[in-house]
Amino acid sequence: MESQSLFTRVTGKNVLMSFTGPFDTEVLSIFGKNIENSISKNLKLNKTIFKVFIELAQNVSYYSLEKEMTKKGEHAGVGTFIIQDFKDYYYFILGNPIDEKHEAILRDKCSKINSFDREGLRAYKRELRKLPPGERGTGNIGLVQATLVSRNPLDYSFIELNDKEAFYIVAVKINKN
Amino acid sequence: MENISIEGSHTNFFVPSVDFNFETGICILSGESFLEDTIEFYDPLVQWLEEYTSEIKKPITFEIKLTYFNTSTSRSILDLLNILKEYEDDGGEVTVNWHYDEDDIDMEEDIEDYMLDTGLEINMIPFDEDTD
């Protein structure tokens, strides 16, 4: 999806929840709790959104180019998330700055994830899970899990910020039914 | 060797309940797992299981009743199941029962994938969350 259309969505109506700042453990837990308890009356649907939130937000926390020292002394990645409420689905968007050199790698990761059917994606997740934590490529597992849980492909896009940085946006649709 | 007993909680993070008993050989992991430091939490469980399977060497029944775990936890669960599989391959008597909400298709797939990954037979036991 092109940046322009993603941003048209975001600047439109239907924003249910949004945040910009460091994705530290406190932020993850506070928003996680809110999502779990109050997005909709359907607790199973809330749980699905929660699962997507946790997996994607942790990626921002670990991989955002911009870091901020929190009160607890954590170096948390800075980013933005938005949840929008549409008639048939929720739209969950996350964005964070990245080194421009990583754009091609991330684009390939997202494209690879979207190329799998469900069985292929499960096999890919198993492959990633066997890698030791912190090893190159393990960050993909959160993206894979978000795709599996949401049962929709990733929307992703990149906005050039300057010669060295880009803004990476990843979004997933979570169907209400 | 000592038993491990941890009371689970659901606050900012989700701590699973743990009841590993070396006298009965019954190990229960239940609740939800989304932790601030996954490795710090699961390392003692991994070590406990390694000690049990190398020193106690009695039958073991592993009961999993997790209703949610994140991908970070999923690696630690794989570590635990791999130890059980090695124990079984060495002649240990291992039973793994995984209780899951019958409506939770993601969990059902996760259990199937663990069986593929480890080669361990896992008894899949569905329950009805609304009535159980």
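## Where the two chains meet

Chain A and chain B bury about 2,500 Å² between them, and 45% of that area lies on carbon and sulfur atoms. Buried area here is the accessible area, found with a 1.4 Å probe, that two parts lose on being put together, summed over both. Three arginines stand out on one side: Arg122(A), Arg126(A) and Arg129(A) supply 26% of the area that chain A buries against chain B, more than any other three residues. The contact (heavy atoms within 4.5 Å) takes 28 residues from chain A and 28 residues from chain B.

Please keep in mind that this is a predicted model, in which local features need pLDDT of at least 70, side-chain atom pairs count only at pLDDT 80 or more, and totals for chains, interfaces and linings use all residues. Residues are numbered from 1 along each chain as its sequence is written, chains are lettered from A and ligands numbered from 1 in the order in which they are written, and side-chain values use heavy atoms, with hydrogens and water left out.

## Charges across the interface

Helices (H or I, at least four residues) and strands (E, at least two) are DSSP runs, numbered from the N terminus.

Another salt bridge joins Asp103(B) to Lys44(A), where the closest N and O atoms are 3.2 Å apart. On chain A, the elements giving two or more residues to the side that touches chain B are helix H2 (25-38), H3, helix H5 (118-129) and helix H6 (140-150). The largest share of that side, 7 residues, comes from H3(A).

## The sheet of chain B

Now let us turn to chain B. It has an open sheet of 6 strands in the order S1-S4-S5-S6-S7-S8, with mixed pairing; two strands pair if DSSP finds at least two bridges between them. Strand S1 (4-6) and strand S8 (123-127) of chain B are the edge strands, and each pairs on one side only. From one strand to the next, the twist averages 15°. Axes are lines fitted to C-alpha atoms, for helices over the stretch in contact, and angles run from 0 to 180 degrees between N-to-C directions.

Helix H3 (residues 43-63) of chain A packs on this sheet, touching S5, strand S6 (60-69) and strand S7 (94-101) of chain B, and its direction makes about 95° with that of S6(B). Helix H2 (residues 71-89) of chain B lies across S5, S6 and S7 of chain B, running at about 165° to S6(B).

## Strand partners and a hairpin

S1(B) and S4(B) run antiparallel and are joined by 3 bridges; Ile6(B) has Val18(B) in S4(B) as its bridge partner. Strand S4 (residues 17-21) and strand S5 (residues 26-33) of chain B also pair in the antiparallel sense, over 5 bridges. Ser17(B) has Ser30(B) as its bridge partner in S5(B), and Asn21(B) has Ile26(B). The hairpin of S4(B) and S5(B) has 4 residues between the strands, and Gly25(B) takes a positive phi near 75° there.

Notes
Salt bridge = Lys/Arg side-chain N within 4 Å of Asp/Glu carboxyl O.
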